[in-house]
Amino acid sequence: MSQSVISALSEDLLVRVYGFLDPPCRKTWRLVSREFHRVDSLSLTSIRILRVEFLHALLFNYPNLSSLDLSVCPRLDDDAVSRLALEGAVSTSSRLKSLNLSRATAVRARGLETLARLCRALDRVDVSHCWTFGDREAAALSVAAGLRELKMDKCLSLSDVGLARIVVGCSGLEKISLKWCMEISDLGIDLLCKKCKDLRSLDVSYLKITNDSVRSIALLPKLQVLDMVSCPLVDDVGLQYLENGSPSLQEIDVTRCDRVTFSSLVSILKGHPDLQQLKASHCISEISVSFLQSIKALKHLKTLWIDGARVSDSSLLTLTSSCRALTELGVSKCVGVTDIGMMMGLARNCSNLKALNLACCGFVTDAAISAVAQSCLNLESLQLESCHLITEKGLQSLGCYSKRLQELDLTDCDGVNDRGLEYISKCSNLLRLKLGLCANISDKGVFHIGSKCSKLLELDLYRCTGFGDDGLAAISRGCKSLNRLILSYCGELTDTGVEKIRQLEDLSHLELRGIKNITGTGLAAIARGCKKLGYLDLKLCENIDDSGFWALAYFSRNLRQINLCNCSVSDTALCMLMSNLSRVQDVDLVHLNRVTVEGFEFALRACCNRLKKLKLLAPLRFLLSSELLEVLHARGCRIRWD
C-alpha cells in the first residue's frame, strides 16, 4: 500500500480497522506508517509495563491510557514515581482509571500519595501482595477519594487503623478485597460497613473476624457478592444475620468455614430466593433434608459447590431437578456420588451445565461420563482428578459429544491410556489439559494431542514417565500457542526432545524439575527460542552446566521467577544470571553446592534493587553481609530461610 493511499484514509476508518485486529497484529500495524502508529497511540487504553525506564516515554506516547499495569515492573519505587511527577509524565495521564501495583513492594507511602494526587480519575487500584503496605500507605492512598474498587490481598501490615483511613477518605467504595489481611478485626469491618454503604462486593477470606463482623455486613443494602473463605471464628449464629440482611445478595462463598453447618445455610437460602451462586465446599458433612427443601426455591441458582459433603444419589437427584439452571457444580471428594445420581439426576436435569468438578469421586465410571457428555453439550470444564474408574470408553464419549470442552483434568487417572488420548484429541477446542501422574500414556498418545489440539494453552504432564522425546517433539510442533508447560520428573526426556521446546515462542511458564538428562545444550536451545519465558523451574536438574545458564542470562531477559535449587551453577554463572535478568523478582537458591558465600554476595548485590522474594539456606543469614540484607529488606524483598 503506497504512502499516498494511506494518507487518503480517514482517521475514523483507520480506528475502525484497528478495532478488528488482535494484539499481535496491532504490533505489526504500528510499524507500517506514521499514520498507523498515531492511530495505535491514540487507540491504546491499556498497557503493561515491564521496565520502569520506559514508563515516562510510554505515558507521553499513549495519552488515552485508562489502565496501567506496573505489577511486573521490578525497579518501581518512590523515587521513580517522584521523577515521573517532576517530569510531568503522570499528570499527562489524567484519564487513568485503573492502576495495578500488585507486588510493588518498593512503592511506599510517598509514592502512593504522589500517584493518588496526580491520577485524580482513579477508581480501581490493586496493591495485593505488597507485604510492606501498612497503615501509612493506606493513609496515602486514601487521598484518591474517587476509588470504587480496591484490592489489598495479603497486605500483611495493614491494620484497622489503615483501613479506617481508607474508608473515611474513599467512602464511595463499591468493591474491596481484604483477603489474608490478618491484622484486620471486627472493628475495621464494622467501620467499613458503616462508611461504605455502596459496597457491592466484599472479600474477607481468611480473616479472624467473628459473628460481629457478619452482623455489620448484613446491614449493607447493596451487597451482591460476599466471599468469606476459611473464616474459622464465624459460626451459624453469624450467618443467620444474613437471613434478613443484605437484601441484594446474589453470591456467597463460605468454603472451609469449619463452624458453619446446614442450619445457617438454610437460613441464607430462605432469606435470598434469588441467590445465583452458593459455594459451601468443605464446611458441611452431609446434605440435610431441610437444605434440599430450601434449595427448591432457588430457581436462579447457577453455581453450587458442596465439595467434601456426603451426597447420596437421591440427594443429587433432588438437587439437580430443583436447580435446572445450574451451569457449574462442584461435588469433588463427595462420598456417595455414583453413576445413578449422575445419570438419573445431573445428566437428565442440567443440560446447561458448563463446569463440573468430580475430582476424587472414586465410584464414578465411564457410564456416568458418557451420560453427561451426551446430555450436557455446553460443557466447557471437567475435573476428573483421581477418578480411577474412568477409562478410554468414557473419554470416547467426551471426544464425540463435548465439542466445546476447553478444560479437562485427568490427573492421576489410572485408566487413561493412548487410546483415550486419541479420543480426547477430537476435542479440538481444548485450552487446558492436565495429565499429571498418568503412567499409562506414551509418545503415541501424546502425539495425538500434539497433532489435533492446536489451540492448547496449558499442558500438564507431571511425572508422566512413559513418554519421551518423540512425544515432546509432537507437542512442540503442533501446539504453537502453548504458554504453560509442566514436564517435571518426566525422566525419559533428554536434550533431543527438550531442544524442540524452542519452537514454542509464546511459552511463558516452564517446569523441568527433576529431569536428570537435561544438559546445558538443551537449556540453551530453550533460552534462544522461548523469549517470552517468565517462569522457569530447574530444581534438581543437576547436569546442566554453566553453558546453559550463560545462554539463559543472555536470551531470557523476560524471566521474573526462577528456581535453581540443587543445580550445578557456579559463582560466575550465578552472578551473570542475576545481573542480566533485569526483570527477575522471585528466586530460589537453595543447595547450590558450587556457589560460595562470595558468589551469593555478588549475585544478590547485582539484583537487590528488584528482588521481591528470595529463598536461601538458613546458615547464609549469618554469612552474608548485614548491609546486603538491610538493602534487600528496605527494597521490600521477603527472604525465606530454608
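**Exercises on a predicted model**

In helix α26, Asp571, Leu574, Cys575, Met578 and Ser579 meet Gly599, Phe600, Phe602, Ala603, Ala606 and Cys607 of helix α27, contact meaning heavy atoms within 4.5 Å. By class, this contact has 8 nonpolar, 2 polar and 1 charged residues; Ala, Val, Leu, Ile, Met, Phe, Trp, Tyr, Cys and Pro count as nonpolar, Asp, Glu, Lys and Arg as charged, and the others, Gly among them, as polar.

The model is predicted, with local features requiring pLDDT of at least 70 and side-chain atom pairs pLDDT 80 or more, while totals for chains, interfaces and linings use all residues. Residues are numbered from 1 along each chain as its sequence is written, and side-chain values use heavy atoms, leaving out hydrogens and water.

**Exercise 1.** Determine whether serine 246 is buried or exposed.

*Solution.* Step one: serine 246 is found in the loop between α13 (236-239) and β9 (251-253). Step two: its relative accessible area is 0%, so serine 246 is buried (under 20%; exposed is over 50%, partly exposed in between; 1.4 Å probe, protein chains only). Step three: leaving aside residues up to four places away in sequence, serine 246 touches Ile217, Ala218, Leu220, Leu223 and His272.

**Exercise 2.** Describe the surroundings of helix α24.

*Solution.* Step one: 8 of the 10 residues of α24 (residues 520-529) are buried, so this helix is largely enclosed by the rest of the structure. Step two: the buried residues include Leu523, Ile526 and Gly529. Step three: the buried residues of α24 pack against α23 (495-498), β19 (509-511), β20 (535-537) and α25 (546-555).

**Exercise 3.** State how β23 and β24 pair.

*Solution.* Step one: β23 (residues 613-616) and β24 (residues 638-641) pair in the parallel sense over 4 bridges, pairing requiring at least two DSSP bridges. Step two: lysine 613 stands opposite arginine 638 in β24.

How values were computed:
Helix = DSSP H or I, 4+ residues; strand = E, 2+ residues; numbered from the N terminus.
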